[in-house]
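Subject: Handing over a structure

Hello,

I am passing a structure on to you, along with some notes on what turned up in it. Please have a look before reading on.

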Number of protein chains: 2
Amino acid sequence: MVEFDRCGINCIHEEAVKAVKEVLFSEDVAISLAELFKALGDPTRVKILFSLMTRELCVCDISAVIGASESAVSHQLKILRTLRLVKYRRDGKILYYSLADDHVEKLFIQGLEHVTE
Amino acid sequence: MVEFDRCGINCIHEEAVKAVKEVLFSEDVAISLAELFKALGDPTRVKILFSLMTRELCVCDISAVIGASESAVSHQLKILRTLRLVKYRRDGKILYYSLADDHVEKLFIQGLEHVTE
DNA sequence: AATATATATGAATATTTGCTCATATGTACT
DNA sequence: AGTACATATGAGCAAATATTCATATATATT
């Protein structure tokens, strides 16, 4: 077994590093989690999602509510769709967007708990 | 009162827009929330935080566990510190980092629920 | 004081990202 | 078929970001 001695005796805690590494999830999971949080990590997307917590809305409504161009909203909605955070139904020319499930709400509640503390 | 008619009758749902706007949190809260999630939205920081879920670790340990340079880890730790996601205690030359509270764990659990579904 | 070590910080750089503008797609209506 | 409208998409650009490298700071040891 290779000794870990890049730092002095007191720095690298060999057992700790090994123990943590054993528990560590896969690289893939880390990346997926980061992607999810990154999607939530933009003011425009936060506002879109928060708007949708109230009720389903079309792109045009969202644009009016949050004060962003329809194109910008559409681009952001694509990201949220890809991550299955929102879904939509079509009614004629209009697409009504809504939250895909209750995960976003739960994450927002947890997040707000941290932010407003 | 100003009529909202940028789109045709069927597009902008005036009552919906007004109702949602009334409920909408402040711009500041949206930005704070986005900042929090953005901090969680990077693979390196996800790995750092996940490592710390196991036990407290020094910078050097974290670097070894996640396979990133100590400088990179230190830079990311600064961001996590600023957002009060991690704290540290000093023991001589070594700084031991740990999670600031249980918010991160809760957010990760919620996030994983969405990702692994 | 001088040296070594653990970590922090600043500058520089390459990549990513969010927006705008122009254009395309899909649906409804005539 | 042709027009209008709601939304999507692609290219281009400015701003943000994560890393590396060099240097600074803080603590311990001699």
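Below are the conventions, followed by the findings.

This is a predicted model, in which local features need pLDDT of at least 70 and side-chain atom pairs count only at pLDDT 80 or more, while totals for chains, interfaces and linings use all residues. Residues are numbered from 1 along each chain as its sequence is written, chains are lettered from A and ligands numbered from 1 in the order in which they are written, and side-chain values use heavy atoms, with hydrogens and water left out.

Let's start with chain A. It has six helices and three strands (DSSP runs numbered from the N terminus: H or I of at least four residues for helices, E of at least two for strands). Their order along the sequence is α-α-α-β-α-α-β-β-α. Of its 117 residues, 47% count as buried (under 20% relative accessible area, with exposed over 50% and partly exposed in between, using a 1.4 Å probe and protein chains only).

One residue to look at is Ser98(A), which sits in strand β3 (residues 94–99) of chain A. Ser98(A) counts as buried because its relative accessibility is 16%. Beyond its neighbours within four places in sequence, Ser98(A) is in contact (heavy atoms within 4.5 Å) with Leu52(A), Glu56(A), Leu85(A), Val86(A) and Lys87(A).

Next comes the DNA. Around DNA strand C there are 28 residues (each with a heavy atom within 4 Å of the strand), and the closest are Thr44(A), Gln76(A), Ser74(B), His75(B) and Tyr97(B). Of the atoms of DNA strand C that come within 4 Å of the protein, 74% belong to sugar and phosphate. Leu95(B) uses a polar backbone atom, 3.4 Å from a phosphate oxygen. Helix α5(B) gives the most to this surface, with six residues.

Finally, where do the two chains meet through helices? The axes of α2 (residues 27–40) of chain A and α6 (residues 103–115) of chain B come within 10 Å and cross at roughly 100° (axes are lines fitted to C-alpha atoms over the stretch in contact, with angles from 0 to 180 degrees between N-to-C directions). Among the residues that meet there are Leu33(A) and Phe37(A) from α2(A), and Leu107(B) and Phe108(B) from α6(B).

Enjoy exploring!

Conventions: Polar contact = N/O pair within 3.5 Å; in protein donor to acceptor, adjacent residues only side chain to side chain.
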